[in-house]
Amino acid sequence: MEIKEKLDILSDAAKYDVSCSSSGSSNRGGKNSLGNTKASGICHSWSDDGRCISLLKILFSNYCIYDCQYCANRASVDRKRASFTPREVAELTVDFYKRNYIEGLFLSSAVTKSPDWTMEQLLETASLLRNKYNYQGYLHLKAIPGADFKLIYQAGLLADRMSVNIELPSEKSLKKLAPQKEKAAILKPMQSIGTEIENNLIERKKYKKQKEKFVPAGHSTQLIVGASPESDRSIINLAAGLYNNFNLKRVYYSAYLPVSDSSLLPALNSSPPLKREHRLYQADWLLRFYGFQADELLSQERENLDLKVDPKADWALNNLDKFPVEVNTADYQMLLRVPGIGPRSAAKIVKARKEKKLNHYNLKKMRIVLKRANYFITCAGKYAAAVPFDSEIIYQRLVEKEAKQLSLFSQKQNK
Amino acid sequence: MKKEVFVYDGSYQGLLTALYTAFKRKIIPVKIIKAADFREDLFYKKTIIESSEAKADLITKKIRENISANSLKNVFAAYLSELEAIEDHIFRYLFLGFKEGEKIDEFLSTTAVIKVQEAAKKVRRESHRFKGLLRFQKTQGNKYYGAIEPDHDILILLLPHFKARFSIQDWLIHDKKREKAVIYSAAAKEWLLIELEAEFEPQFAADEAEVQDLWQSFFAALSIENRYNPKLQSQFMPKKYWEYLIEEPGSSRKRKK
């Protein structure tokens, strides 16, 4: 089979993996090697669905021994199959990299023959790239659940990032939809990678960086939203647990795209829950960058996020007694909790108010967007939203604004 | 006495010399303008600024010591923006800066500070964008050629990035709009800024078309049909940057199933 056809099949098969991050790993690469990595990450293009393309994202192979119901590459489905060789992947990566098409490689694979065999192929590809082609660009490798951890560890010494997909939010759904996979088998390599990353950091400190880096950009995971019945609350709690216990860098959420007519799954003509996915990302952000706890966002009485307003506004409206916040006196943490104010704006405010007392005009001039924040702040004692301070009314206004803004993210049904 | 307009040669050194002159003579010029943009008029006195390395160095040092290194970076980036009247904002920014010191960058509601910071931000954003959007093509003789037409004069900001990344290959980045280019030689590990006319086209390597074809098919295959969203795509990647891309936005719909 020609390389072009393989690329077509195996990039098509890899596109459902969400991660495209190329950040977090810096200082790789030197004067005599090809490429380097940047702490901030770089997007090289955007595909027709508006997603950033930063990595050559491909499967090594889509011949799979498993038959997970939600997966487009499951064994029982009739579709074109292909496998690369390690050399082909390495050459493709280098050719693309040298032309500045990509920031690096994201190599995943279906489980072909056995987990060990598959992991060996990924390892060999990584080793070719790093050792033969002198390639020091970004490298994200999938750790194959069930493979010998020695192989995964070796791969981790060559990769910038690794990930194990948790796939479904609960053991029960996993049993139903992916009977050949076990939650324990997925969590074990995740846990081991997390532990090794920590050990590596400690050892590198002790031996003054003599030791090789292990997965310097951290590890991540992905789970599918909407293929199984779990609530947002259990997903958010799971994510929070992963961040806290497994030292995880990112959890990615992927709205389920119907790929199968299995009676266990949403029907083929149903549309992917993109809005829900968007809300989960927002909530995830609140956990990681805004100092929120999972139980502040949802509770037993409220199992799912409001699709009409974002989770931060939702929280603010449920805690209206903490508002309005005076921008001239509120501390940074509280400013962060104001809907419409992010880390950048909050930092700007804290900086600028040292110089003088801020009014609405000042904020506007500082390019701080007040469209949403206005309902929740006072500037020098003044409340400038043109509506009464009432949660019902504010909610209605926010919903109207969201509806306009979100049209960008909504899917286009013009097939 | 007539108010003065400072006319400089358009170089960064020239601008610094003009700024130096204004502070030295303790006057506020009505305008600091590039010779190329200057139009004669009767109302103001025209003062031609002779670019001077010594004067430019001196004011550079003053800015770094009396304001901050960060502020100096802002001035340089704002200069590269080539936005209209940016020189006048830079002058006012420094005028205030010499009075207030490094906290000038916290004066976020002062017009000159906003203008300079925003111009600098635009330049940095565009240069960051091109770190991703620049496409090299392999030429005969194994050199890599990339063309751009940026809004701002960012060539000099791209240089350190590509030098670090592609230190073992020869490359050239061509700013077609400003008819100049930066050339890097892997053997010498050195770079050079040259003039290069917009029409320049190199001879491409024999296997170049093949790799481009692979990239195009990867680009088309990657998009998820149920999420098709060209509006979002062009929001992140405005159409003005499409000309020199190898991939074709929109091509996922033409792909053979």
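**The contact between domain 1 and domain 2 of chain B**

Author: In this predicted model, chain B is split into three parts: domain 1 (4–126), domain 2 (134–195) and domain 3 (208–254). The contact discussed here draws 8 residues from domain 1 of chain B and 8 residues from domain 2 of chain B. Between the C-alpha centres of these two domains the distance is 28 Å.

The size of an interface is often expressed as the accessible area lost when the parts come together. For domain 1 and domain 2 of chain B, that buried area is about 740 Å², with 58% of it on carbon and sulfur atoms. On the domain 1 side, the residues that lose the most area to domain 2 of chain B are B:Leu80, B:Glu82 and B:Glu126; together they make up 65% of what that side buries.

B:Glu82 also takes part in a salt bridge: its side chain meets that of B:Arg178, at 3.0 Å from N to O. The count between domain 1 of chain B and domain 2 of chain B is 1 salt bridge. As for polar contacts, 5 residue pairs are found across this interface, both residues being at pLDDT 80 or more.

In terms of secondary structure, helix H3 (69–81) and helix H5 (111–133) of chain B each supply at least two residues of the domain 1 side that touches domain 2 of chain B. By residue class, that side of domain 1 of chain B consists of 4 nonpolar, 1 polar and 3 charged residues.

Note on methods:
Residues numbered from 1 in each chain as written. Chains lettered and ligands numbered in written order. Predicted model: local features only at pLDDT ≥ 70, side-chain atom pairs only at ≥ 80, totals over all residues. Heavy atoms only, no water. Domains from an automatic or database assignment. Contact = heavy atoms within 4.5 Å. Buried area = accessible area lost by both parts, 1.4 Å probe. Salt bridge = Lys/Arg side-chain N within 4 Å of Asp/Glu carboxyl O. Polar contact = N/O pair within 3.5 Å; in protein donor to acceptor, adjacent residues only side chain to side chain. Helix = DSSP H or I, 4+ residues; strand = E, 2+ residues; numbered from the N terminus. Nonpolar A, V, L, I, M, F, W, Y, C, P; charged D, E, K, R; others polar.
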